[in-house]
Amino acid sequence: MLAANNSLTGKLPPDLFKLESIQKLRLEDNSLSGSIPREVMYALHNSTLRSVTLHFNNFGGKVRPDCRDLCRQNGKHTIQGEYVFTADCARPTGTRDEPRVTCPCCTDCCDPLARTCMSERCKG
């Protein structure tokens, strides 16, 4: 599902991640806000979903705290990077501000001010 750069606003509905046929969900570069639903990581590990890009939005807070354990599991998705999950979890360039999103399992952390992303593959 491609909905990047579409001026979308509001919160992400958790039921969006229950759609069975989605493999990629591209919602980057919108004005979505609130917290990232915990259903994101569950879907990445237990469904056909393989890629979720949420960077350059207005999300805040912490992503599911046990997602690091999910990333390390020797199951469908492992530390070899079989999924993609991006969010604004890098410290904004030139500031002392904390990242908007705390995410121990993002594959890429993005800086919303510099408009760049860096690979942060799961580390054992």
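In what order do the 5 strands of the open sheet stand? The order is β2-β4-β7-β9-β10, and the pairing is mixed. Strands here are DSSP runs of E with at least two residues, numbered from the N terminus. Two strands count as paired if DSSP finds at least two bridges between them. β2 (24–26) and β10 form the edges, each with a single partner strand, so one side of each has no neighbour in the sheet. From one strand to the next, the twist averages 15 degrees. Angles run from 0 to 180 degrees between N-to-C directions, and the axes are lines fitted to C-alpha atoms.

The model is predicted: local features need pLDDT of at least 70, side-chain atom pairs count only at pLDDT 80 or more, and totals for chains, interfaces and linings use all residues. Residues are numbered from 1 along each chain as its sequence is written, and side-chain values use heavy atoms, with hydrogens and water left out.

Lysine 24 has serine 51 in β4 as its bridge partner. Cysteine 109 has methionine 118 in β10 as its bridge partner. The hairpin of β9 and β10 has 4 residues between the strands. There, arginine 115 takes a positive phi near 60 degrees.

The structure holds 3 disulfides. A disulfide is taken as a pair of cysteine sulfur atoms within 2.5 Å. One joins cysteine 89 to cysteine 109, with an S to S distance of 2.1 Å. Its torsion about the S-S bond is about -100 degrees, so the link is left-handed. Cysteine 89 lies in the loop between β7 (84–87) and β8 (101–102), whereas cysteine 109 lies in strand β9, so the pair ties together parts that are 20 residues apart in sequence. Cysteine 89 and cysteine 109 are both buried. Buried means under 20% relative accessible area, exposed means over 50%, and partly exposed lies in between (1.4 Å probe, protein chains only).

A disulfide also joins cysteine 103 to cysteine 106, with S to S at 2.4 Å. This link is right-handed, with 110 degrees about the S-S bond. Both cysteine 103 and cysteine 106 are buried.

Cysteine 110 and cysteine 117 form a disulfide too, with their sulfur atoms 2.0 Å apart. The torsion about this S-S bond is about 105 degrees, so the disulfide is right-handed. Cysteine 110 is buried, at 0% relative accessibility. Cysteine 117 is partly exposed, with a relative accessible area of 38%.

A search of the whole structure finds 1 cavity of 30 Å³ or more. A cavity is a set of points on a 1 Å grid over the protein atoms alone, where a 1.4 Å probe fits but cannot get out. Points are joined across faces, edges and corners, and a volume is the space filled by probe spheres set on them. The largest cavity has a volume of about 40 Å³. Its lining consists of Leu16, Phe17, Leu19, Ile22, Leu25, Ala43, Ser47 and Leu49. Lining residues have an atom within 4 Å of a point. The lining comprises 7 nonpolar residues, 1 polar residue and no charged residues. Ala, Val, Leu, Ile, Met, Phe, Trp, Tyr, Cys and Pro count as nonpolar, Asp, Glu, Lys and Arg as charged, and the others, Gly among them, as polar.

Notes. 1 Å grid on protein atoms, 1.4 Å probe; cavity = no way out; pocket = protein on both sides within 12 Å on 5 of 7 lines; lining within 4 Å.
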